[in-house]
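Here are a few notes to read with the model open beside you. Take them one at a time and find each spot as you go.

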Amino acid sequence: MRQALAAAREAGQAGDVPVGAVLLDESGQTVGVDRNRREEFHDPTAHAEMLVISFRAREIGDWRLEGHTLVVTLEPCPMCAGAAVWSRLDRIVYGAPDPKAGAAWSLYNIPQDRRLNHRIELIDGVLADECGELLTEFFESKR
């Protein structure tokens, strides 16, 4: 989560919502780190989670990412939670909950929805205060 927080800080410094993501392989090795880049890429899908998932899939030449763990500073939105399911991640670990758009317990639980063909283990609240504080400071500076 510390790597994800460092990436989130970079996003905030670049003027984007400070969210960072790290992807770990089966052995726990970091195989991808990125941050929100919506402003930089002018792309509404350029969330940190989407970027690390896409990068890894291209890198290994397979869209199936079984054995991988996504670590992200903010609870994934519906788009990112869906991408995690479709890429068959094993686990999502996140920091701060997102009561307005969270799709991994707060509003929805897409990663564990039994109607879908794959379910993901969820671990929430890892360094939640630090992750949430970064977001609070960012949005307060915008007001």
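1. Start with Ile 53, which sits in helix H3, residues 48–60. Helices here are DSSP runs (H or I, at least four residues) and strands are too (E, at least two), numbered from the N terminus. Before you go on: this is a predicted model, where local features need pLDDT of at least 70, side-chain atom pairs count only at pLDDT 80 or more, and totals for chains, interfaces and linings use all residues. Residues are numbered from 1 along each chain as its sequence is written, and side-chain values use heavy atoms, with hydrogens and water left out.

2. Is Ile 53 buried or exposed? It's buried, with a relative accessible area of 7%. (Buried means under 20% relative accessible area, exposed over 50%, partly exposed in between, using a 1.4 Å probe and protein chains only.)

3. Leaving out residues up to four places away in sequence, Ile 53 touches Leu 65, Ala 83, Ala 84, Ser 87 and Leu 89; contact means heavy atoms within 4.5 Å. Ile 53 and Leu 89 are 36 residues apart along the chain, and their C-alpha atoms are separated by 9.2 Å.

4. Now hop over to Thr 73 in strand E3, residues 69–74. Thr 73 has 2% relative accessibility, so it counts as buried. Beyond four places in sequence, its contacts include Met 1, Val 19, Gly 95 and Cys 131.

5. Finally, look for the one aromatic pair. The ring centres of Phe 138 and Phe 139 are 5.2 Å apart and the planes are at 80°, so the pair is edge-to-face. (Rings of Phe, Tyr and Trp, its six-membered ring, pair if their centres lie within 6.5 Å; planes under 30 degrees apart count as stacked, over 60 as edge-to-face and the rest as tilted.) Phe 138 is buried at 10% relative accessibility, while Phe 139 is partly exposed at 36%.
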